[in-house]
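I opened my notebook to look up a few things in this protein. Here is what I jotted down along the way.

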Amino acid sequence: MLKDRGKMKWTPFMLPEHVEWLKRVWEEDEKVSKPMLDPQEIETINRQLIEASKTKSLVKLTVYENGSINEYEGTIRALSSQTNTVIIKAKKEIAIPFKNVLGITILRQQHV
């Protein structure tokens, strides 16, 4: 029985521009739309963000970014109402817009 290599067998016959175009199309295909949160979920997230910021707890934030959902673990350094961002210290400091935070999990609570 013959084993078909699918798309791989045609790759050597494609121009580099076509390969690049196909990669972009596949990336666009994998994007997800931003989940809608109800007002109660938003209020719960806001309360947890404030609590984690005050206690310097280790948290995991679930964040929507450019068509994908990512997670960041770290401590919340600041909540900025001027820029509407959460500043979290993960591997480096990251500013995340409030509107992109989909969830928060407190992993380890510190009591200050």
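This is a predicted model: local features need pLDDT of at least 70, side-chain atom pairs count only at pLDDT 80 or more; totals for chains, interfaces and linings use all residues.

**Notebook: a first look around**

I started with burial: of the 112 residues in the protein, 23% are buried.

Next I went through the secondary structure, and I found 2 helices and 5 strands. Along the sequence, the order reads α-α-β-β-β-β-β.

Is E27 buried or exposed? I got 51% relative accessibility for E27, so this residue counts as exposed, because the cut-off for exposed is over 50%. I also saw that E27 belongs to a patch of negative charge on the surface, together with E20, D29 and E30.

**Entry: helix α2**

Then I moved on to I45, which sits in helix α2. I45 has 8% relative accessibility, so I wrote this residue down as buried; the cut-off for that is under 20%.

My last stop was S57, in the loop that links α2 (39-55) to β1 (58-65). Its relative accessibility is 0%, so S57 counts as buried. Which side chain does the S57 side chain make a polar contact with? I found T55 there, with a polar contact of 2.6 Å joining the two side chains.

Definitions and conventions:
Residues are numbered from 1 along each chain as its sequence is written. Side-chain values use heavy atoms; hydrogens and water are left out. Patches are made of residues with over 30% relative accessible area and no salt bridge: like charges are joined within 9 Å, nonpolar side chains (Val, Leu, Ile, Met, Phe, Trp, Tyr) within 5 Å. Accessible areas come from the Shrake-Rupley method with a 1.4 Å probe; for residues, only the protein chains shown count as cover. A salt bridge is a side-chain nitrogen of Lys or Arg within 4 Å of a carboxyl oxygen of Asp or Glu. Lys and Arg count as positive and Asp and Glu as negative; His and the chain ends are not counted. The place of a charge is taken as NZ of Lys, CZ of Arg, CG of Asp or CD of Glu. Buried means under 20% relative accessible area, exposed over 50%, partly exposed in between (1.4 Å probe, protein chains only). Helices (H or I, at least four residues) and strands (E, at least two) are DSSP runs, numbered from the N terminus. A polar contact is a pair of N or O atoms within 3.5 Å; within protein, one must be able to donate a hydrogen and the other to accept it, and residues adjacent in sequence count only if both atoms are side-chain atoms.
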